Amino acid sequence: MLPGPVTTVWLLLLGGWMAVDGTSVGQIMVSRPLVAATLAGWVVGDPLAGLTAGVLLELFHLAVLPVGAARYPEGGPASVLAGSLYALSESVPGALLVTVAFALLWEWVGGETMRVMRQINVRVVAGPDGSGRAEHIQLRHFAAIMLDFFRGMLLVGVGMLCLSALLAVSANYWGVAPEVARLATGAVAVGLFAATFGIFPGRVRLFLSGVAAGLLFVLLRG
């Protein structure tokens with residue numbers, strides 16, 4: 001289920017670009033899940049499948065704004081691996097649900113690695129003697145950007161290995177029909193979208209969330 005070597009290299013580079021676009025360089029919104037997953041799908045030859053995964057991830061990510069030193073789930077690299085591997089495994093039962101669920105988990109992993117990277121950046125900018133002299137500030141700034149780029153590549157590489165193994169296991173043991181899995185994914189996504197924008201008042205929102213969670217549990221139990 002893994003792509004070929006050349007395609008993998010392109011996906012790793014795309015992951016690095018998505019990581020730096022989040023906060024380090026650009027912020028031209030290509031790292032939004034909708035765009036990142038579609039680009040990843042295009043790299044492996046199926047942009048429509050990438051778009052499908054990207055739409056769902058974007059719904060979960062609408063309320064996230066990468067500003068300042070806030071802690072937030074990082075959508076770019078996780079969307080690259082979701083868009084690419086879903087495009088390569090559409091025939092696997094439950095692939096969309098497994099891919100989206102894993103990508104959401106991987107977004108939090110990406111957010112934690114970003115927090116650690118910021119702590120490292122403080123030391124990189126300060127230099128070995130801690131003085132942070134101005135003549136080296138551009139070089140250290142560039143080093144911090146490259147560190148972010150390689151972090152994105154590492155996230156995509158490790159994530160692809162983990163998600164590929166998970167999809168291979170689910171292909172053998174998944175007991176839910178693909179249509180049911182898509183229905184469950186869509187129901188949860190719509191519920192979260194409504195909760196994010198406050199479409200329903202408090203008690204109704206809680207009720208619908210409970211219905212969605214119960215539906216998902218029943219479906220997964222088969």
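Leaving aside its neighbours within four places in sequence, which residues is Leu163 in contact with?

## Leu163 and the nonpolar core

In this predicted model, the contacts of Leu163 beyond four places in sequence are Leu81, Leu85, Val98, Thr99 and Phe102. Leu163 also belongs to the largest nonpolar core, a set of 37 residues in which Leu163 and Val80 touch the most other members.

H6 supplies the largest share, eight residues.

## Helices H1 and H2

The axes of H1 and H2 lie 10 Å apart, and the two helices pack at an angle of about 165°. Because angles over 145 degrees count as roughly antiparallel, H1 is roughly antiparallel to H2. The crossing of H1 past H2 is right-handed.

On the H1 side, the contact is made by Thr7, Trp10, Leu11, Leu14, Trp17 and Met18, and on the H2 side by Ala36, Leu39, Ala40 and Val43. Nine of these residues are nonpolar, one is polar and none is charged.

## Helices H3 and H5

H3 covers residues 47-61 and H5 covers residues 95-126; their axes come within 10 Å and cross at roughly 45°. H3 and H5 are therefore oblique to each other. H3 passes H5 in a crossing that is right-handed.

From H3, the residues Thr52, Ala53, Leu56, Leu57, Phe60 and His61 meet Leu96, Val100, Ala103, Leu104 and Glu107 from H5. By class, the contact of H3 with H5 holds eight nonpolar residues, two polar and one charged.

How values were computed:
Residues are numbered from 1 along each chain as its sequence is written. This is a predicted model: local features need pLDDT of at least 70, side-chain atom pairs count only at pLDDT 80 or more; totals for chains, interfaces and linings use all residues. Side-chain values use heavy atoms; hydrogens and water are left out. Axes are lines fitted to C-alpha atoms, for helices over the stretch in contact, and angles run from 0 to 180 degrees between N-to-C directions. Helices (H or I, at least four residues) and strands (E, at least two) are DSSP runs, numbered from the N terminus. Angles under 35 degrees count as roughly parallel, over 145 as roughly antiparallel, 65 to 115 as roughly perpendicular and the rest as oblique. A crossing is left-handed if the near helix is turned anticlockwise from the far one by less than a right angle, and right-handed if clockwise. Contact means heavy atoms within 4.5 Å. Ala, Val, Leu, Ile, Met, Phe, Trp, Tyr, Cys and Pro count as nonpolar, Asp, Glu, Lys and Arg as charged, and the others, Gly among them, as polar. A nonpolar core is a set of buried Ala, Val, Leu, Ile, Met, Phe, Trp, Tyr and Cys residues joined through side-chain atoms within 4.5 Å. Buried means under 20% relative accessible area, exposed over 50%, partly exposed in between (1.4 Å probe, protein chains only).
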